[in-house]
Amino acid sequence: MNRPAILTTPQASPLSLQNLAMFRVYVGYRSLLSLVLLIMLVSPNTRQLVGTLNPTLYTTVALAYLATSIPLIGSLSMRLSENQHLMLMVFIVDIIALTLLASSSGGVISGLPVLLVVTVAASAVLIVNRTLATLVAAISVLALLLDTSWLILQSELDTSAFFPAGILGLLIFGVSLMVQPIAYRLGHAEELARNRATDLYSLQRLNEQIVQHMQTGILLVSDSGIVRIMNKAASEFLTPERPVAVAQGRRIGDYSPDLAHQFEHWKNFGTHRAKPFTIVDGATPIIAHFRELQSNTNSETLVFVEDYSPVTQYAQSLKLNSLGRLTASIAHEIRNPLGAISHAAQLLSESPKLESSDARMAEIIQHHCERVNQTVESVMQISRREPPKPEHLVLAPWLTAFVGEYLNALHRPAEVTIQCEFKELLIEFDPENLQRVLTNLLDNALRHGKLANGRESARIEVEIDSALHMCQIDIVDEGEGVPTRELSKLFEPFYTTMQEGSGMGLYLCKELCQINDADISYRLTRRDESCFRISVNQRAV
């Protein structure tokens, strides 16, 4: 992310670590100074240097100066930006105290006014408002000059004392004006460093979140084969039964011998040929890739593990697309000769001189021509992939009309019942596509029902999933159902369990549902009946 070099001025920022340290140093200096000044008064060797003009005033001010340091020690963690007025008062108190101590000790000639330089320098750092910092310096100089004038009027000093007082005043102003820009730049530098540290921390947290929520598993493996770090996806691939924190810190071979073997081969030869492997029998196949993190003797390796199923599905999709184009071309070429064969068989069956055995052969030819023609039509419809023409259908009456027409077209006894309690339920679907899907599913249901109990029967149930806002149309039959091992192939083209089936019906149903924003799946009912479910998503309800 890009941000300005200085987002906020130090005036608006909280107490920095630099200023906090300076504040603590100043409070310590202040406390120590008050003790030293008291000791100088009571010590025989230094007693004549301080408090010579007014020992009582000197002692009183020194004790008060020490007393005011006690509450400051308890405020070492306060935020400077919230206590600017308090800080200004502290420095004014210091100026007054030092001026009174100097006045009671002989004024500028005692040397104590030099301590004002330290106070002014500290104020230039700790008071972020440069006007207030300059005001502290002005008050210090003014106090020094007033004290010198007072002592001259009291005949304690002569007028020549104005010279050192003026020099000291210039020094005080000079120190304040020099320290202020330095402190200001240091404040900006620390603010910039704080902002950069915040950015780096945010970026680190963002990277951690990205890595942890990636679908690709990532492991950081040491040169000795110890997994130091792994993200959530890697844990789900390799150790789904353990949390990420528990799964880390083990040898890579503890997760998968195949993965450890590929890692050792890559480390020894520098090449790797990706080969899918599984953690346990029946689990999702995964594939690993290796990248060296840094080139040195203690190198670490990034191991990327990901689900191999999308790769195989993509390859299968490419194969099916190629197969679809090929079969569409073949189907187009078959239609003309197939029509000629069917027409010739029909003419042959109408011949009065045809024997019964030959008539049966013509009937067989005609029947299988119709089967091949249905397969060709299915392939052509899939290859064309025409966009749907959706309409709003009131499902209950539409199903009633459709089932009536379907049974009339069968010309044989069959039973199809409808269970739909939602008389005004609207769905959006291409009626021609829905008719084709239901026709294929009912054909399968009646055929498997007859094989199971000798009668052609099926039922259509309509339900609504309120949580998902989906309409579910179930076509239930009394057949034996689809074996579990065959479920993955159920909607693939040319897959069939019937000798007379083309294997295109369910594939066509799935294609037609998809282009209408719907889904089709196979399931068992609560009574273990075979059921195909058409789910119309919430955008179409």
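This is a predicted model: local features need pLDDT of at least 70, side-chain atom pairs count only at pLDDT 80 or more; totals for chains, interfaces and linings use all residues.
Helices and strands are named here from runs in the DSSP assignment, a helix having at least four residues and a strand at least two, and they are numbered from the N terminus.

Helix α5 covers residues 130-153, which makes 24 residues, and from its first C-alpha to its last it reaches 35 Å, close to the 34 Å expected at 1.5 Å a residue. At the start of this helix, a side-chain oxygen of Asn129 comes to within 3.0 Å of the backbone nitrogen of Thr131. Further along, the buried residues of α5 include Ala133, Val136, Ala137, Val141, Leu144, Leu151 and Ile152, and the polar residues Ser140, Asp147 and Thr148 are also among them. After the helix comes Ser155, which is found in the loop between α5 and α6 (162-212).

**The sheet and its helices**

Five strands form an open sheet in the order β6-β8-β9-β11-β10, and their pairing is mixed. Because β6 (415-419) and β10 (518-524) stand at the edges with a single partner strand each, one side of each is left without a neighbour in the sheet. On average, and with direction ignored, neighbouring strands of this sheet are turned by 20° against each other.

Within the sheet, β8 (residues 457-465) and β9 (residues 470-477) run antiparallel and are joined by 8 bridges. In this pair, Ala458 stands opposite Asp477 in β9. Helix α15 (residues 505-515) packs on the sheet, where it touches β10 and β11 (530-536), and its direction makes about 135° with that of β10. Another helix, α13 (residues 395-410), lies across β6, β8 and β9 and runs at about 180° to β6.

**Two residues with positive phi**

Which value does phi take in Ser155? It is near 65°, a positive value in a residue other than glycine. Asp517, which lies in the loop between α15 and β10, likewise has a positive phi, near 60°, and is a residue other than glycine. The table sets out the relative accessibility of each residue.

| Residue | Relative accessibility | Class |
|---|---|---|
| Ser155 | 64% | exposed |
| Asp517 | 41% | partly exposed |

Ser155 counts as exposed because its relative accessibility is 64% and the class of exposed residues begins over 50%. Asp517, at 41%, falls in the range between under 20% for buried and over 50% for exposed, and is therefore called partly exposed.

Note on methods: Residues are numbered from 1 along each chain as its sequence is written. Side-chain values use heavy atoms; hydrogens and water are left out. The expected span of a helix is 1.5 Å times one less than its number of residues. Buried means under 20% relative accessible area, exposed over 50%, partly exposed in between (1.4 Å probe, protein chains only). A polar contact is a pair of N or O atoms within 3.5 Å; within protein, one must be able to donate a hydrogen and the other to accept it, and residues adjacent in sequence count only if both atoms are side-chain atoms. Two strands pair if DSSP finds at least two bridges between them. Axes are lines fitted to C-alpha atoms, for helices over the stretch in contact, and angles run from 0 to 180 degrees between N-to-C directions. Contact means heavy atoms within 4.5 Å.
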